[in-house]
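Me: I have a new structure open and would like to go through it. Can we take it piece by piece?

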Amino acid sequence: MISVAYAHALFDYDAWAMARVLDTAEGLSPDELGRPLLAGQPPLLPTLVHVLAAAVIWGRRWEGESPTALIGVAEVPSLAALRERWSAEAAAWRARLDAIG
């Protein structure tokens, strides 16, 4: 099991890295965000929404829920919406970690 301090450090790194990714993505046009990255790979926006969805579902599981579906681009249709949802989810994760130490 990892220490609480290490869990905080991992969260801090994740928050820093996602902020950098979102800042970089803001330099892209909507067309670029919607274009597949490589043949057979999804576009960047759905990929980033998937990362958010994983954080959301694991947070809900931490809280004892059993979600059956991930959020998708329909719920987070733009980079601005993604940044807003990511900020809220990061705050929820910070609160979860603060609650354990």
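Me: Let's start with one residue. Is Trp 93 buried or exposed?
Reply: Trp 93 is buried, with a relative accessible area of 17%. Buried means under 20% relative accessible area, exposed means over 50%, and partly exposed lies in between, with a 1.4 Å probe and protein chains only. This is a predicted model, in which local features need pLDDT of at least 70 and side-chain atom pairs count only at pLDDT 80 or more, while totals for chains, interfaces and linings use all residues. Residues are numbered from 1 along each chain as its sequence is written, and side-chain values use heavy atoms, with hydrogens and water left out.

Me: Which residue forms an aromatic pair with Trp 93?
Reply: A search of the whole structure finds two aromatic pairs. In one of them, the rings of Tyr 13 and Trp 16 have centres 5.5 Å apart and planes at 40 degrees, so this pair is tilted. Rings of Phe, Tyr and Trp (its six-membered ring) pair if their centres lie within 6.5 Å; planes under 30 degrees apart count as stacked, over 60 as edge-to-face and the rest as tilted. Tyr 13 and Trp 16 both lie in helix H1, three residues apart, about one turn of the helix. Trp 93 pairs with Trp 62, edge-to-face, at 5.2 Å centre to centre and 85 degrees between the planes.

Me: Where do Trp 62 and Trp 93 sit in the chain?
Reply: Trp 62 is in helix H3 and Trp 93 in helix H4 (residues 79-100), 31 residues apart, so the pair links distant parts of the chain. Helices here are DSSP runs of H or I with at least four residues, strands are runs of E with at least two, and both are numbered from the N terminus. Trp 62 is partly exposed, with a relative accessible area of 42%.

Me: And the other pair, what is the exposure of Tyr 13?
Reply: Tyr 13 is exposed, with a relative accessible area of 54%. Trp 16 is partly exposed, at 45%.

Me: Stepping back, how many helices and strands are in the chain?
Reply: There are four helices and zero strands. Along the sequence the pattern is α-α-α-α. The C-alpha trace spans about 45 × 30 × 25 Å along its principal axes. Of the 101 residues in the chain, 29% are buried.

Me: At what angle do H3 and H4 cross?
Reply: The axes of H3 and H4 cross at roughly 30 degrees and come within 10 Å. That makes H3 roughly parallel to H4. Axes are lines fitted to C-alpha atoms, for helices over the stretch in contact, and angles run from 0 to 180 degrees between N-to-C directions. Angles under 35 degrees count as roughly parallel, over 145 as roughly antiparallel, 65 to 115 as roughly perpendicular and the rest as oblique.

Me: What kinds of residues make that contact of H3 with H4?
Reply: By class, the contact of H3 with H4 has 15 nonpolar, one polar and four charged residues. Ala, Val, Leu, Ile, Met, Phe, Trp, Tyr, Cys and Pro count as nonpolar, Asp, Glu, Lys and Arg as charged, and the others, Gly among them, as polar.

Me: Now H1. How far apart are the axes of H1 and H4?
Reply: The axes of H1 and H4 are 11 Å apart, and the two helices pack at an angle of about 170 degrees. H1 and H4 are therefore roughly antiparallel to each other. Their contact divides into 14 nonpolar, one polar and six charged residues.

Me: Which residues of H1 and H3 meet?
Reply: Met 18, Val 21, Leu 22 and Ala 25 in H1 meet Leu 44, Leu 48 and Val 51 in H3. That contact has seven nonpolar, no polar and no charged residues.

Me: Last one: where is Leu 37?
Reply: Leu 37 is in the loop between helix H2 (30-34) and H3. Neighbours within four places aside, Leu 37 is in contact with Pro 42, Pro 43, Leu 44 and Thr 47.

Conventions:
Contact means heavy atoms within 4.5 Å.
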